[in-house]
Amino acid sequence: MMSEETRAVRHPWWKVGSNPIFRRYCRSRLRLRGGGVSVLLAVMMAGFLFAMSRSINFHRFHLHPEDAEKGPLIPLLVLQGVILFILGTAQVAGGMTAERDEGTIDYQRLIPMSPLAKVMGYLFGLPVKEWAMFLATMPFTLWCVWFGKVDWGVMVKLYGVLLSSALLYHFTGLVTGTVVKNRRWAFLASIGLVVSLYTIIPQLAKLGLVTFRYMTIWPVLEESLPSLLPQVPASMVKATQRLLPTVKFFNLDFSEAWFTVFSQFGLMLTFLRMLCRRWGRAESHLLGKAWATGFFVWIQVLLLGTALPEIEPGNIFPSRGVSRLVPLVGESAPEKAEAVALVGVYGVFALLLLYLFAMMITPSSDRQREGWRRALKQGKTRLPMFGDPATGFGWMALMAAAGAFSWYVFTKSIVESAWYPGQVVPPAVGGYFAVVLLAAVLGFQALLETRGGRTVFLVSIFSGALPLMVGSVMGAIDDRLWPLAVWIMGVSPITLPVYAAGSVLQIAELPPLVARAVPKAFQFWTFVAGLNAAWLAWRLWQSRRAMAAEVLGASGDEEP
């Protein structure tokens with residue numbers, strides 16, 4: 001009888017309308033006093049943009065009726081983006097943090113609902129007012145589409161990606177609210193991330209990291225612009241679009257909309273996995289070790305798939321982008337320094353990404369001790385390989401090797417391209433890349449696992465950021481100080497990928513003073529980083545062995 005009653009109160013994850021968490025937020029956030037006023041303000045703002053754009057187009061510019069009716073589409077899209085992307089994401093992040101501060105999260109864990117159903121309840125419940133505001137503006141958009149005779153296929157693709165992007169940012173807000181303890185910081189972090197996605201991060205596309213454009217609606221919006229604008233601006237946009245590159249994932253013919261949704265879906269699935277793990281157990285890592293490794297490889301595949309097809313046309317080089325958009329600037333072959341810079345940037349990004357993954361899968365000392373105690377209760381003498389308390393050292397080594405391989409493939413493709421005839425990238429370069437990433441990442445991971453995040457934070461400041469600052473200041477004082485500045489900045493592991501690109505590539509052409517210092521500094525600091533990683537790995541092995549002996553009461557048979 002009890003089992004039947006228990007099954008009766010469970011809620012399938014796909015039935016969002018009957019989800020208790022979703023219905024709770026509908027009652028609290030859609031009340032007439034709060035939600036009704038917000039919806040009214042959204043309608044007023046949308047009506048103002050609609051009326052103003054149409055009035056200007058009809059009575060000032062005297063446009064054709066169909067062109068005049070299209071005028072409000074872009075302003076309305078901006079308003080809808082602000083509502084869903086900024087207000088909705090901030091509400092999700094801040095609301096999730098408030099739930100945790102008030103203890104509601106701990107209460108929700110006792111409810112007989114699956115973690116996936118709880119995530120769906122919060123995902124659609126927290127921003128339910130923003131979704132209502134968005135829907136309230138849609139009649140104005142539908143008017144413009146109908147009377148402006150806009151292609152419905154274009155609008156379906158555009159608004160499909162708009163909704164996909166909104167869900168991605170709301171997932172980001174949920175993860176931020178789950179991880180960040182302070183409500184204000186969660187609010188600011190979520191807004192800052194969305195703003196960065198549309199301002200700073202797309203600029204990485206100019207440095208070879210093309211895939212970041214597809215975390216936004218920009219690619220599909222640019223593709224759809226000719227259908228949303230009056231005839232004259234639309235013809236100008238079409239002429240510009242012929243000069244701009246389109247997505248060619250490993251030279252496969254994907255549409256912008258489908259590839260954007262595909263890229264965002266992978267990230268949403270990973271965020272969903274993070275949230276379900278935290279709902280299942282509050283102390284769980286955001287990602288399991290196997291999932292994190294697969295996700296890292298998936299990111300590398302996306303980066304290569306979007307970057308490699310852009311090499312032969314020259315779209316990946318910043319100078320070629322300027323010459324395409326500015327007719328007065330003649331098209332010329334990219335400089336060798338551009339290839340070296342792109343290789344260095346790719347390596348730095350891979351290293352930073354590895355640091356992020358190390359922080360997600362590395363267990364703390366308390367988590368390790370708890371894992372050994374559980375193993376003792378279960379009669380085991382070792383930790384499960386895929387469990388959170390197990391060491392992340394081997395997994396980070398695997399990810400570093402994958403990152404080095406991806407880095408080498410990118411380097412070989414760009415240096416041996418038709419833009420630089422006669423250049424060869426031997427396999428030994430891939431070995432250098434592997435040594436750089438393994439030394440930097442494994443040292444970081446071992447330090448994090450043995451000493452904790454506070455020590456890593458202090459070391460990152462004094463050996464990561466400070467040398468870069470001091471070296472930059474010295475280089476700005478006098479060009480003759482650049483060799484010394486290169487040696488000082490080499491203390492920071494972040495410079496090793498850049499130094500590697502400037503040292504092991506035959507194509508590298510550096511200023512004379514820098515060219516003499518970079519190879520020697522690279523070899524010395526890479527050797528130091530390797531020794532440091534080996535020493536920290538040995539300390540990690542000792543630490544885990546001692547912990548196993550302490551908990552299990554043995555000293556020789558345990559395997560950390």
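The model is predicted, so local features need pLDDT of at least 70 and side-chain atom pairs count only at pLDDT 80 or more, while totals for chains, interfaces and linings use all residues. Residues are numbered from 1 along each chain as its sequence is written, and side-chain values use heavy atoms, with hydrogens and water left out.

**Salt bridges**

- The count comes to 16 salt bridges, where a salt bridge is a side-chain nitrogen of Lys or Arg within 4 Å of a carboxyl oxygen of Asp or Glu.
- Arg 544 and Glu 449 form one of them, with their closest N and O atoms 2.7 Å apart.
- Because Arg 544 lies in helix H23 and Glu 449 in helix H19 (residues 427-451), this pair ties together parts that are 95 residues apart in sequence; helices here are DSSP runs of H or I with at least four residues, numbered from the N terminus.
- Arg 544 counts as buried at 2% relative accessibility, and Glu 449 is buried at 2% as well; buried means under 20% relative accessible area, exposed over 50%, and partly exposed in between, with a 1.4 Å probe and protein chains only.
- Glu 69 and Arg 54 meet in a salt bridge at 2.9 Å, N to O.
- That pair links helix H4 (residues 65-70), which holds Glu 69, to helix H3 (residues 32-60), which holds Arg 54, and the two residues are 15 residues apart.
- Glu 69 is buried, at 7% relative accessibility.
- Lys 412 and Glu 416 pair up too, with closest N and O atoms 2.9 Å apart; Lys 412 is partly exposed at 32%, and Glu 416 is partly exposed at 30%.
- Shared partners join Arg 277, Arg 281, Glu 283, Arg 367, Glu 370, Arg 374 and Asp 388 into one salt-bridge network.

**Aromatic contacts**

- There are 24 aromatic pairs, counted when ring centres of Phe, Tyr and Trp (its six-membered ring) lie within 6.5 Å; planes under 30 degrees apart count as stacked, over 60 as edge-to-face and the rest as tilted.
- Trp 13 and Trp 14 sit edge-to-face, 6.1 Å centre to centre with 90° between the planes.
- Trp 13 is partly exposed at 40% relative accessibility, whereas Trp 14 is exposed at 56%.
- Tyr 122 and Trp 279 are stacked, 5.6 Å centre to centre with 20° between the planes.
- Tyr 122 and Trp 279 are both buried.
- Phe 50, Phe 140, Trp 143 and Phe 147 are linked into a cluster by ring pairs.

**Surface and helix faces**

- Phe 457, Leu 458, Ile 461, Phe 462, Leu 466, Met 469 and Val 470 make a nonpolar surface patch of about 670 Å²; patch residues have over 30% relative accessible area and no salt bridge, and nonpolar side chains (Val, Leu, Ile, Met, Phe, Trp, Tyr) are joined within 5 Å, like charges within 9 Å.
- Ile 461 lies in helix H20 (residues 453-477) and is partly exposed at 35%.
- In helix H21 (residues 482-489), the buried residues are Ala 485, Val 486 and Met 489.
- Seen down the axis of H21, these buried residues fall within an arc of 105°, so they line one face of the helix; the arc is that of the directions from the helix axis to the C-beta atoms.

Note on methods:
Areas by Shrake-Rupley, 256 points an atom, 1.4 Å probe, with all protein chains shown as cover.
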